[in-house]
Amino acid sequence: MEKKKKQNTKHGGVNRREFMRKSALAVGTVMTSGLTLPAMVKNAGAAKRDHILIGRPNPGTGPLASFGEGTPWVDDRALAEINKDGGIYIKEFGKKVPVKVKIVDTESNPTKAGEMASRLVVKDKVDLMVFYHTPDTVNPVSSMVERYKIPGISLDSPLEPWLEGGPYKWTFHAFWSVEKDIVPNYIGMWEQVKTNKVVGILMPNDPDGVAWSAVFKKVLKPKGYKVIDLGRFPYFNKDFSTHINRWKKEKVEILLGNMIPPDFTTAWRQCHQQGFVPKVATIGKAILFPSAVGALGGDLPNGLTTEVWWSPHHPFKSSLTGESAKDLCDAWTNATSKEWLQPLGYKHAGYEIAADVLRRAGTLEKEALRKAIADTDLNTIVGHIKYNKENYSRTPLVGGQWVKGQKFPWDLKIVYNKEHPNIPMTGNVFPIK
Amino acid sequence: MQDLLQPILNGILLGGLYAVIALGMNTMFGIVKLVNLAHGDLMILGSYLSLVFSAWLGLNPFWSLLAVVPVMFVVGFLIQGFLLNRVLGKEMEPPLLVAFGLSIILQNSLLLVFTPDARSLMTDLSVKTIPLGSSLNLPVLYFVDFLLSCAVILALHLFFKRTYLGRAIRASSDDEVGARLMGINTRNIYAYAMGIAMMTAAVAGVLVGMTFTFYPHTGPQYLIIAFGVMIIGGLGSMAGCLVGGIILAEAQLLGAHFTGPGYQLLCGYLVLLIVLGLRPQGIFGKA
Amino acid sequence: MADRPFKYRLCLLGILFVVLGTIPLWGSDYMLLFGLLLCLYMAMSQMWNLLVGYSGLLSLGQQAFIGFGGYSVAVLTNYYGVYVWLSALIGGIFSVLLALFMSLFIFRMKGIFFGIGTWIFAEILLLWFSNWEYVKYGTGLFIKPARPPSMTVIFYAAFIMALSALVVVYLILRSKIGLGLMAMRDNEEVSETIGVEIFRSKLFCFLVAAFITGTTAGVLYVFQIFIQPYKAFAIDWTVILVFIVIIGGIGTIEGPIVGSFLYVLLTQWLADYGHTSMLILGLIAITIMLVAPKGIMGTLQEKTGFTILSPRRI
């Protein structure tokens with residue numbers, strides 16, 4: 001201790017004072033660098049923009065990446081159409097201005113989604129938020145939209161988990177309901193195959209899993225089904241042998257599930273590893289996409305059933321480009337050589353609604369935009385959108401089954417449409433084994 | 001009682017896999033008295049390397065072992081030689097924190113290169129099953145994991161007993177100064193030891209990649225498992241690895257059987273905490 | 001030692017805090033967000049530093065208190081309508097109780113085993129909460145207070161936490177306990193023979209750290225609105241705290257301040273680039289460990305004796 005003191009006083013207090021000055025300077029420069037000064041100071045003059053900015057939180061990476069895959073292809077295309085002759089007339093600018101979009105990656109993580117949404121509002125000052133793809137994206141972004149009071153348009157996430165975070169004033173949502181749409185579709189498909197009516201539930205403890213299991217347990221018993229539920233499993237669960245053993249013991253013939261794609265890959269493979277193959281396996285969310293289905297490997301996808309919320313066979317047209325559902329799917333395949341994906345239509349519909357809203361409002365004033373969204377009454381490529389008093393609109397749902405395909409390894413056929421006969425069937429339900 | 005047979009069987013087989021996961025970390029702890037916090041991530045690196053080689057050469061993941069194991073040896077050698085040896089000293093924190101930093105770098109590099117998508121090493125074995133009697137099934141892949149793990153443990157045991165390098169490593173860990181006096185370059189020895197530990201991690205990584213799906217961030221999960229095996233079985237003991245692995249796996253699967261699948265990992269952790277509190281040196285460890 | 005340079009240095013720190021504290025008056029919304037994050041991390045990293053840098057308790061499980069504090073706020077505010085900031089304080093108290101419970105098991109372990117013990121506890125809590133119907137399993141909870149506080153109010157709550165953390169650490173280190181801790185840091189066995197109560201001092205620091213971390217987490221989650229077990233109890237929190245403290249300077253009071261600033265700056269700057277910020281942090285941390293193991297402020301202190309808040313009384 002003494003030695004050090006001596007050393008310091010040798011160089012004297014001058015060294016320390018110099019150091020203080022240097023460090024103060026360093027701290028000062030560090031604080032102003034990296035952040036542009038105008039952005040730091042309030043009321044430095046509102047950032048003069050010459051375009052409309054839409055915020056687009058999207059799960060580009062992570063377990064939900066297959067949902068986010070169509071972005072930015074669909075977004076760019078839709079924007080090109082909107083901006084075709086200059087854009088949309090906004091009275092604050094006194095002329096037509098183009099629409100630009102800022103897409104950010106939520107990494108399939110709800111907390112990250114909330115943070116990115118916060119940044120979009122506070123740093124990028126977006127005029128409107130458009131977002132989709134499962135409760136893990138939609139729920140946290142909705143709550144940020146409500147907190148910062150900017151208008152939000154959301155799609156592609158089941159209604160019940162979304163309503164949990166309500167009531168909503170600024171967010172408007174469109175999709176189907178678990179109780180009113182999924183249940184009749186799933187049970188409808190099951191009724192077409194001879195089974196012993198014993199259902200095994202396989203769901204994680206995420207918003208979908210909790211909501212779906214609650215609804216199904218309520219409705220299945222009165223219809224004469226026996227339900228085996230071992231409880232919710234955590235994301236990335238590695239071992240399902242406990243479930244499988246119980247299902248084998250109870251002679252389960254219908255497997256009902258909803259989970260992220262990687263968890264189903266693990267689970268379905270383990271089912272086969274341990275000698276359990278049910279007659280029917282209806283899984284929500286995990287097997288919506290050809291890539292997820294292909295990842296199962298071998299012949300495992302054959303006969304798996306799931307929900308279909310959009311397909312090339314859906315008889316709807318885009319209000320923006322006039323394309324039919326089939327046109328959009330063909331354009332996608334031509335551009336990417338990949339099979340069509342269900343979210344494509346919904347991503348496109350989001351822009352249809354946004355464009356319609358901006359055109360009708362003609363202003364960027366938040367309250368006016370909000371009212372314009374509430375008044376939406378539009379035929380889109382996913383169906384008719386008209387929001388009710390609780391800020392949502394139900395879209396149609398049918399049932400589908402995966403079979404070996406011709407052009408692509410696996411095809412999704414529509415095998416049940418009794419709730420919406422206007423969407424044509426393309427195949428019949430068959431048992432897995 | 002009948003339906004306990006399947007979880008018990010699965011537990012034994014899974015225990016073998018857990019043992020080979022922990023083997024490298026346990027051996028290194030016995031030698032340099034350090035817990036390598038990056039062990040799980042290094043193992044996953046092995047899985048990803050296997051993915052790359054299998055895709056590149058169109059091979060079955062088992063063949064990729066021929067490439068992955070040597071590469072991981074070099075990786076381990078370099079990490080110990082250039083990174084960890086520099087901070088080995090009296091204080092506990094620097095090596096731990098360097099390993100921590102390494103873990104984060106590995107996870108995020110893998111994320112950037114391979115994206116967060118789930119991966120797995122495809123092999124026909126993953127869905128094969130052998131029925132044993134009316135209610136029991138032998139998952140072939142788990143069985144293969146178990147056999148290979150035992151083989152690796154045996155090989156490592158023989159290595160330490162019979163080869164010069166093996167004995168040199170044991171000497172350095174028993175008495176560093178004495179070993180140096182006998183002409184052993186202990187720093188080099190540590191690097192070789194790490195290389196060998198990484199070879200076992202490579203095998204573990206390939207097995208894990210075939211059995212379960214993996215992501216860039218699955219490393220820490222396996223670190224906790226390795227730690228659990230180490231604690232239960234005994235610090236620095238190879239036989240302990242196998243015993244500890246089986247006990248941990250049984251705790252998980254039997255626990256899940258009785259309390260529900262959501263609590264599977266929890267049961268394993270509880271057993272781990274109990275052993276940590278009561279007998280921290282483990283079953284075969286020296287006090 | 002002259003008193004004037006000390007007064008200058010104290011002024012420097014004071015100016016920084018005044019600048020920070022008045023952001024709502026002159027800063028943009030984004031600057032407010034920045035300042036908010038800065039304060040939250042300063043508070044939590046100051047506590048981690050107290051544990052590792054001064055008490056020799058390598059805690060890898062601070063996330064246990066972060067999640068616990070956050071969920072306390074969520075549950076109390078949503079289900080019982082308790083005033084938001086009161087819930088945060090109660091969350092802090094719950095965290096202390098949790099810490100007491102944890103100490104029964106892990107205080108007999110040393111070094112890395114203590115660390116892993118804390119980590120396992122956090123993982124157990126993660127699994128427990130994700131299986132618990134009361135908190136809606138893994139779906140998470142939205143924190144919806146009756147009167148949602150404005151960003152400015154939330155900022156001041158965070159600022160108070162950061163200031164409190166700093167003051168608490170300074171007072172502890174200047175007190176008898178602090179003297180004991182530093183003796184312990186130098187040589188544990190000898191210090192025990194001269195009467196330093198090691199176990200009591202360590203436990204005290206552990207509990208204090210739990211309280212402040214838990215309360216700060218409460219404020220954090222009021223800001224984030226949404227809490228779910230997988231992120232709240234994740235090891236990611238420890239990773240961040242470790243980096244902040246290593247880079248800033250372990251065992252110095254100013255270290256966590258500098259480290260937090262760098263961390264928030266880096267992550268905000270690279271926010272659009274996903275994980276590159278964590279990668280860079282990892283690289284910086286390893287470089288620092290190899291080249292300047294005492295971190296930025298630590299090396300500064302060593303080479304020049306420059307400290308603003310010295311725990312040494314001499």
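Predicted model: local features only at pLDDT ≥ 70, side-chain atom pairs only at ≥ 80, totals over all residues.
Helices are taken here as DSSP runs of H or I at least four residues long, numbered from the N terminus.

Two helices of chain B, α2 (39-57) and α3 (61-87), each supply at least two of the patch residues. Helix α2(B) gives the largest share, with 3 residues. Val52(B) lies in this helix α2; its relative accessible area is 36%, so Val52(B) counts as partly exposed, and patch membership requires over 30%.

Turning to chain A, 15 helices and 17 strands are found. Buried residues make up 61% of the 433 in this chain. Its accessible surface comes to about 16400 Å², and carbon and sulfur atoms account for 55% of that area. Among contacts in chain A with a separation of 6 or more, 70% join residues 24 or more positions apart.

Helix α6(A), residues 135-148, has 14 residues and reaches 20 Å from its first C-alpha to its last, close to the 20 Å expected at 1.5 Å a residue. Of these 14 residues, 13 are buried, so α6(A) is largely enclosed by the rest of the structure.

Key:
Residues numbered from 1 in each chain as written. Chains lettered and ligands numbered in written order. Heavy atoms only, no water. Buried < 20%, exposed > 50% of the residue type's maximum accessible area, 1.4 Å probe, protein only. Contact = heavy atoms within 4.5 Å. Areas by Shrake-Rupley, 256 points an atom, 1.4 Å probe, with all protein chains shown as cover. Expected span 1.5 Å × (residues − 1).
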